[in-house]
Amino acid sequence: MQLQTHAEALIYFQKIVKDCAESREEISNLDGFIDDKIPMILKLTFNKETEDLKTILMNACSSIRRGISRSQDYFKSPIVRVLESALKAGSEKELEGAETFAPRDFTQPIMDAVGGLMVNLVAAMNLFSRRSFEAAFLVALKLKEIEESGEGQHIRFRPREGGGIRVHPIWGSLADRGYNLLLRIPDFDNVLGNLLISLKGMCEKLENRENEVHDAILDAIDEGKRDREKLSELVYNALDIDKDFKSVVVDYVVDHLVVLGEHLMKTEKQIKVESIEKYLRTVFGSNGFLEYEVYAALLEHGVPALPRLVVSGDGVPGGRRELDVVARVGDELWLVEVTASENALKVDNKARNLSELKDRLGAEGALIVCIEETRKEILKQLPVCEGVEFLSFGELYSELQKLLKATKRRPAPHQELSSLFRLSAS
């Protein structure tokens, strides 16, 4: 499912262009002007896409500013010529026809500006068609709003780098392609314990064959080969797990490693063994893939989300808290904690901390995603933690659907896209 619409993202695009058109900043200062409008968390999580967005905005704003400037020149030119003629004229008759001094293509600068804006608007729509980036953009705008509000004084959101590697663009690519594990393993909650043990063991075995894994990833992403066989064999032999779903897990791990390799080649022009090790430890050795699953499920339901963040500032417990996933439901912020713990008291304590943080950030809701047995025990034996919903992994997709239907969403601000062109030249 695509996010609700591109409207919110494009409205903010429009706002930046309009602010630029009405600004007295020189065109030479546009880079800093636009950079200040883009949330820092977006730059730090989706750097490549953010740079592309900045380029599009620069082109759109430059086109509008040039159009405004040239229009003013076109307007002044015939006025000056009429005045010059008036000074030379000896009678009213000699002034007849002076209006013809106004060039017939008076509107050409505006038409050129509108044409340039349309080209860049289409480019922005294409960029936002990548669901994960549009989602990150919308969440980042909400986080920027909190940072800049009075309530959010000294609050800062930054990406959490597990083991020194930033997973956001990799997970975004995986989610855009629809990769998931939850929907492919029946009775997920009951097999999760053994799955976690197997994946940790797999990481250790693959690290012992790190060079082979490195070469196998290269073969899998090579344009001329696209051969995943060796990589699949390495993962299969490293996994000690129930054969009923072993092939599913193998494909899933290989998908992660292939997308990791593609990302590293695109951004760093090489794949380092250390990067592979860090990713494996973060995602499969430390259960990070469960956070990815929740993040991907939210995107699949059309909910903008961004995983693995850190919030710090006044009033934050301990001064700093990790956020597994942050979501934007309507115009409201939701916080999500993901845990595989079987200890109900421990999970309940996480819920209370999350509820406290929710209140501090002015978030609308909070979710705890955990195994079904833990969820049942908490709901049966422990006091309800107000404002926190408990969802299980196995039923996450169906439960999310019910929860979102029951949630009263505030509609996105309505604004005609035609107002993109209602720009002041003052």
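This report covers helix packing, pockets and cavities in a predicted model.

## Packing of H9 with H10

Helix H9 spans residues 210-221 and helix H10 spans residues 229-238; the two pack at an angle of about 140°, and their axes are 7 Å apart. H9 and H10 are therefore oblique to each other. The crossing in which H9 passes H10 is left-handed.

On the H9 side, the contact is made by Glu212, Val213, Ala216, Ile217 and Ala220. H10 contributes Lys230, Leu231 and Leu234. Sorted by class, the contact of H9 with H10 holds six nonpolar residues and two charged residues, with no polar ones.

From H9, the residues in contact are Glu210, Asn211, Val213, His214 and Ile217, and from H12 they are Val273, Ile276 and Glu277. The contact of H9 with H12 divides into four nonpolar, two polar and two charged residues.

Helix H8, residues 188-207, packs with H12 at an angle of about 170°, and the axes are 9 Å apart. H8 and H12 are therefore roughly antiparallel to each other. H8 brings Leu199, Lys200, Met202, Cys203, Leu206 and Glu207 to the contact, while H12 brings Glu277, Leu280, Arg281, Phe284 and Gly285. By class, the contact of H8 with H12 has six nonpolar residues, one polar residue and four charged residues.

## The largest pocket

The largest pocket contains about 640 Å³ of space. It is lined by 26 residues, and those closest to its centre are Lys48, Pro169, Ile170, His263 and Thr267. H11 supplies the largest share of the lining, seven residues.

The lining of the largest pocket has 12 charged residues, together with seven nonpolar and seven polar ones.

About 300 Å³ of space lies in the second largest pocket. Its lining consists of 12 residues; Glu8, Tyr12, Leu141, Glu145 and Arg328 lie nearest the centre.

Two helices, H1 (7-22) and H6 (131-148), each supply at least two residues of the lining of the second largest pocket. H6 gives the most, with five residues. The lining of the second largest pocket has seven charged and five nonpolar residues, and no polar ones.

## Cavities

The structure holds two cavities of 30 Å³ or more. The largest cavity has a volume of about 60 Å³. Its lining is made of Leu298, Ala327, Val329, Trp334, Val336, Leu367, Leu400, Leu403, Leu404 and Thr407.

Strand S3 (320-329), strand S4 (332-338) and helix H16 (396-406) are the elements that give two or more residues to the lining of the largest cavity. H16 provides the largest share, three residues. By class, the lining of the largest cavity has nine nonpolar residues, one polar residue and no charged residues.

Notes
Residues numbered from 1 in each chain as written. Predicted model: local features only at pLDDT ≥ 70, side-chain atom pairs only at ≥ 80, totals over all residues. Heavy atoms only, no water. Axes fitted to C-alpha atoms, helices over the stretch in contact; angles between N-to-C directions. Helix = DSSP H or I, 4+ residues; strand = E, 2+ residues; numbered from the N terminus. Parallel < 35°, antiparallel > 145°, perpendicular 65-115°, else oblique. Left-handed = near helix turned anticlockwise from the far one by under 90°. Contact = heavy atoms within 4.5 Å. Nonpolar A, V, L, I, M, F, W, Y, C, P; charged D, E, K, R; others polar. 1 Å grid on protein atoms, 1.4 Å probe; cavity = no way out; pocket = protein on both sides within 12 Å on 5 of 7 lines; lining within 4 Å. Points joined across faces, edges and corners; volume = space filled by probe spheres on them.
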